[in-house]
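These are my notebook entries on a structure that was new to me. I record what I looked up, in the order in which I looked.

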Amino acid sequence: MLAGSGVTLIEGQGKLLDPHTVEVREPNGDVKTYRAKTILIATGSRAVFLNIPGKELAITSDEGLSLAEFPKRSVIVGGGYIAVEFAGIYRGMGGQVDLFYRKGTPLRGFDDEMRAFVAQNLESRGITLHPSKNITKIEKGADGLHAFTDKGEEIVTDVVMFAVGRKPNTKRLNLGAVGVEVDNLGAIKVNEYSQTNVPSIWALGDVTNRINLTPVAILEGTSFSKTVFGNQPTKPDYTNVPSAVFCQPPLSVVGLTEQQAVDQAENDIVIFTSTFTPMKNTISGRQEKTVTKLIVDSKSDKVLGAAMCGPDAPEIMQGIAVALKCGATKAQFDSTVGIHPTAAEEFVTMRTSTRTVGAGKDSKTSSL
């Protein structure tokens, strides 16, 4: 796509020399410099390793799909997108998977009710969950890698994968010498338009550690292009950004979680949920259920958040995201005719609320 758009591609290790100059060390060792009116940094992020004895024996998601041999036994450390998705991939291919995470449920930052539901599904798929546990040491043995926990356990495995987060990839850019400000994680500080404190230097994507999703980086890139080259100053809009975790079945959300809504609201929050067995599961005999959820402001009737865990959830949530972006109310959801028989129609047929939570109070999620 870049080549087709007339972009000149230069391979090599780049670093800033001044606000308008980039030095590039090419693979053959040659060093060249390039000057420009505007410099955009979009170097993404890199996986981090736990600082524990034996960490050099572990891998990250970067190597997870390029192993010489499929690991029949895997220990995956982390509770975010990447950890949960790799657990599903390896288990789906027939491997034995142990998933360790520090909290009581995986996917911190997502709706608590949906997190609990995902944990149930992971377990029902045969993944062994280790909540509130940490790997403290890794050793190599004749029978594989030995992973030790802070609870005194020892697990023998073929691979230990760290999926414990990523850091902005700024270490070798020479930002300090040019005066570009970064935060304590190394993320580049930018204003609402993605411009750094050095006017000619801009940054976007994971390197700025805002919302670390590929489509968000594309949005930021489009906004940057309009601002700098199109004479249309444009700020990326981070409200109601949809996202998905491709576990089995996938989870997808948009808008506020229940707790976020309760914390931010001035009015009571009304929760609507539906838990059902999809028709395809009924026919096949699979017991796995789907759950849908809407979070509504009691006074304005505005839908503040939506979530779904089940087959095709991300495909469905993309359309729901448009509705939330337009400020849809629960009454408008209710007046929309459903497509039958689909799982998506649940979003327009949830007539009876599950519970109401007072503004500022702790949300009490039901057990799905």
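This is a predicted model: local features need pLDDT of at least 70, side-chain atom pairs count only at pLDDT 80 or more; totals for chains, interfaces and linings use all residues.

**Entry 1: the chain as a whole.** I looked up the overall figures. The chain has 368 residues, and 42% of them count as buried. I found 8 helices and 21 strands in the chain. The C-alpha trace spans about 65 × 65 × 40 Å along its principal axes. For the accessible surface I noted about 19200 Å², with 51% of that belonging to carbon and sulfur atoms. I then turned to contacts between residues at least 6 apart in sequence, and 57% of these join residues at least 24 apart.

**Entry 2: strand E13.** Which way do the residues of strand E13 point? Val159 and Met161 point one way, Val160 and Phe162 point the other way, and all are buried. I next looked up the pairing of E13. Strand E6 (residues 59-60) runs parallel to E13 and is joined to it by 2 bridges. There, Thr60 has Phe162 as its bridge partner. Strand E7 (residues 73-77) also pairs with E13 in the parallel sense, over 4 bridges. In this pairing I found Ile76 bridged to Met161.

**Entry 3: the nonpolar cores.** Which residues have the most contacts inside the largest nonpolar core? They are Ile76, Leu99, Val118 and Leu251, in a core of 29 residues. At least two residues of this core come from each of helix H1 (81-92), strand E8 (96-101), helix H2 (112-124), E13, strand E17 (251-255) and strand E20 (303-309). Apart from this core I found another, of 19 residues, which includes Val270, Phe272, Ile320 and Leu324.

**Entry 4: the surroundings of Ile76.** I returned to Ile76 and listed what it touches, leaving out residues up to four places away in sequence. Among its contacts are Ala83, Phe86, Ala87 and Tyr90. Val97, Asp98, Leu99 and Phe100 are touched as well, and so is Met161, the bridge partner of Ile76 in E13.

**Entry 5: a patch on the surface.** Lastly I looked for nonpolar residues on the outside. Leu2, Val7 and Leu9 form a nonpolar patch on the surface, and together they have about 280 Å² of accessible area. I located Leu2 in the segment before strand E1 (13-18).

Definitions and conventions. Residues are numbered from 1 along each chain as its sequence is written. Side-chain values use heavy atoms; hydrogens and water are left out. Patches are made of residues with over 30% relative accessible area and no salt bridge: like charges are joined within 9 Å, nonpolar side chains (Val, Leu, Ile, Met, Phe, Trp, Tyr) within 5 Å. Accessible areas come from the Shrake-Rupley method with a 1.4 Å probe; for residues, only the protein chains shown count as cover. A salt bridge is a side-chain nitrogen of Lys or Arg within 4 Å of a carboxyl oxygen of Asp or Glu. Buried means under 20% relative accessible area, exposed over 50%, partly exposed in between (1.4 Å probe, protein chains only). Two strands pair if DSSP finds at least two bridges between them. A nonpolar core is a set of buried Ala, Val, Leu, Ile, Met, Phe, Trp, Tyr and Cys residues joined through side-chain atoms within 4.5 Å. Contact means heavy atoms within 4.5 Å.
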